[in-house]
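Please keep the structure open beside you as you read.

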Amino acid sequence: MFIGLCGGICSGKRTVAQYLVEHHGFTHLFLQHSGKAATSDDKHAFQTVDELVEFVTSRWQQRWVTTDIYSEAVLDILVRRPFFILVSVDAPVSVRWKRFQERLRSSNSLSSGSSGEGLSLEDFLLRSDDHLYNASSGLLPLISRATIRLLNTSSDLAHLYATLGKLDLTNEDRLRPSWDQYFMELASLAAQRSNCMKRRVGCVLVREKRVISTGYNGTPRGLTNCGEGGCPRCNDGQGSGVGLSTCLCIHAEENALLEAGRERIREGATLYCDTCPCLTCSIKIAQVGISEVVYSQGYSMDGETAAVFREAGVHLRQFSPVSIRLLCPEFGLTRIYSQQMDLSISRSNPFVEIQVPPDTFNIQNGPLILKIWHELKQ
């Protein structure tokens, strides 16, 4: 496993790397920045990213960490390897400024009696903005591509280490999506092709972990696209489930079924859809012999659909990864969760931050909140 850490000035990325080294057997690797002198000459310091990648690839079963990801060109090379994962570390700017002041004092840049006068908050903000948003060297594009994002508000090392111990950063399941996540991502990607004015929906038909067909909703072939006024019902803005008999759009599930044909579906096929099928689609799904339907987001007639599937013997379930743990920012790091939790988040990023208000979270009721949250999402 190879973990790359990136983040703002004094966000704590080097401290997280130190934790991985001390508590999980990681080895810190160093990459020389272009135009800067090498900081180390040992066997774990590299002049180029190609040298670093070659070194780790031949030792991929060991644990490695680096904080020297300073450009998208470097990241583009690292993410090609299946054992690499990028983690961003961030903290509120006021917290990072205080840490920066402490770093200056500890390095004797400030005299012992001039606490807090090394760099004004305004000057630190300017430096931080340049670090993140500089057009040629800013790290914001890297941070936006991180698979895991950590918010580090810990005030001391012991607290940070204790919190990191609960996060399971070394879980290698994150390196590769599960089959459910893989097929649901394909369904979500298919949905991006839809131009239905009411709702984008994507669908994937699978048998024996092989894709049979895909589909997304829209008007039939030869008709004006829904987004161009082809379906009056969708363009009139009627409510969910209203006027479906007058809708000219073919649903994603219908398109996938038509594309596959019954002879290619057969028993044992699974339908993945990013939205729970409507009642009309559920009848057709049952008729062609689909064995299981997996969805991520609810619809207005989920109860009716579930009743049809129950009677027809079709297994219906909502896709919800179980890697769930809630930590309030008041107690340190905010946990990052897999997507498909019916939240409004980017479909290109499989993780999202969930913050719990401090007044509703404490050590006693935390597990209860977690249990309720998980059960609500099943």
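## Ground rules

A nonpolar core, as used here, is a set of buried Ala, Val, Leu, Ile, Met, Phe, Trp, Tyr and Cys residues joined through side-chain atoms within 4.5 Å. Buried means under 20% relative accessible area, exposed means over 50%, and partly exposed lies in between (1.4 Å probe, protein chains only).

This is a predicted model, in which local features need pLDDT of at least 70 and side-chain atom pairs count only at pLDDT 80 or more, while totals for chains, interfaces and linings use all residues. Residues are numbered from 1 along each chain as its sequence is written, and side-chain values use heavy atoms, with hydrogens and water left out.

## The protein as a whole

The protein has 14 helices and 13 strands. These elements are DSSP runs numbered from the N terminus: helices (H or I) have at least four residues and strands (E) at least two. Of the 378 residues, 44% count as buried. The protein exposes about 19600 Å², and carbon and sulfur atoms supply 50% of that area; accessible areas come from the Shrake-Rupley method with a 1.4 Å probe, and for residues only the protein chains shown count as cover.

Contact here means heavy atoms within 4.5 Å. Among the contacts with a separation of 6 or more, 63% are between residues 24 or more positions apart.

Which residues touch the most other members of the largest nonpolar core? They are Phe2, Leu29, Leu52, Val56, Ile69 and Leu78, in a core of 24 residues. Two or more residues each come from E1, strand E2 (27-31), helix H2 (49-57), helix H3 (72-78), E5 and H6. H2 gives the largest share, five residues. Apart from this core lies another, of 19 residues, including Leu5, Phe26, Val65 and Leu160.

Not counting residues up to four places away in sequence, leucine 78 touches Phe2, Val49, Leu52, Val53, Ile69 and Phe84.

## An open parallel sheet

Six strands form an open sheet with parallel pairing, in the order E3-E2-E4-E1-E5-E6. Strand E3 (45-46) and strand E6 (148-151) are the edge strands, each pairing on one side only. Two strands pair if DSSP finds at least two bridges between them. Strand E1 (residues 2-7) and strand E5 (residues 84-90) run parallel and are joined by six bridges. Leucine 5 has valine 87 in E5 as its bridge partner.

## Helix H5 and its two sides

Helix H5 covers residues 121-133, and its 13 residues should span 18 Å at 1.5 Å a residue; the end C-alpha atoms are 17 Å apart, which agrees. The expected span is 1.5 Å times one less than the number of residues.

Phe124, Ser128 and Leu132 of H5 are buried. Seen down the helix axis, the buried residues fall within an arc of 65°, so they line one face of H5; the arc is that of the directions from the helix axis to the C-beta atoms. Helix H4 (93-106) and helix H6 (140-144) are among what covers them. On the other side of H5, Glu122, Leu126 and Tyr133 are exposed.

Helix H10 (residues 252-260) has Ala252, Glu253, Glu254, Ala256, Leu257 and Ala260 as its buried residues. Their cover includes strand E7 (202-207), strand E8 (210-216), helix H11 (262-265), strand E9 (269-275) and helix H12 (279-288). Just after H10, glycine 261 takes a positive phi of about 80°.

## Loops and single residues

Cysteine 10 sits in the loop between E1 and H1 and counts as buried because its relative accessibility is 6%. Glutamate 208 lies in the loop between E7 and E8 and counts as exposed because its relative accessibility is 66%.

Is threonine 170 buried or exposed? Threonine 170 is buried, with a relative accessible area of 13%, and is found in the loop between helix H7 (157-164) and helix H8 (179-191). Leaving aside neighbours within four places in sequence, threonine 170 is in contact with Met1, Leu20, His24, Phe26 and Arg63.

Glutamine 18 is found in helix H1 (residues 13-24) and counts as partly exposed, at 34% relative accessibility. Glutamine 18 and histidine 28 are 10 residues apart in sequence and 8.0 Å apart in space, C-alpha to C-alpha.
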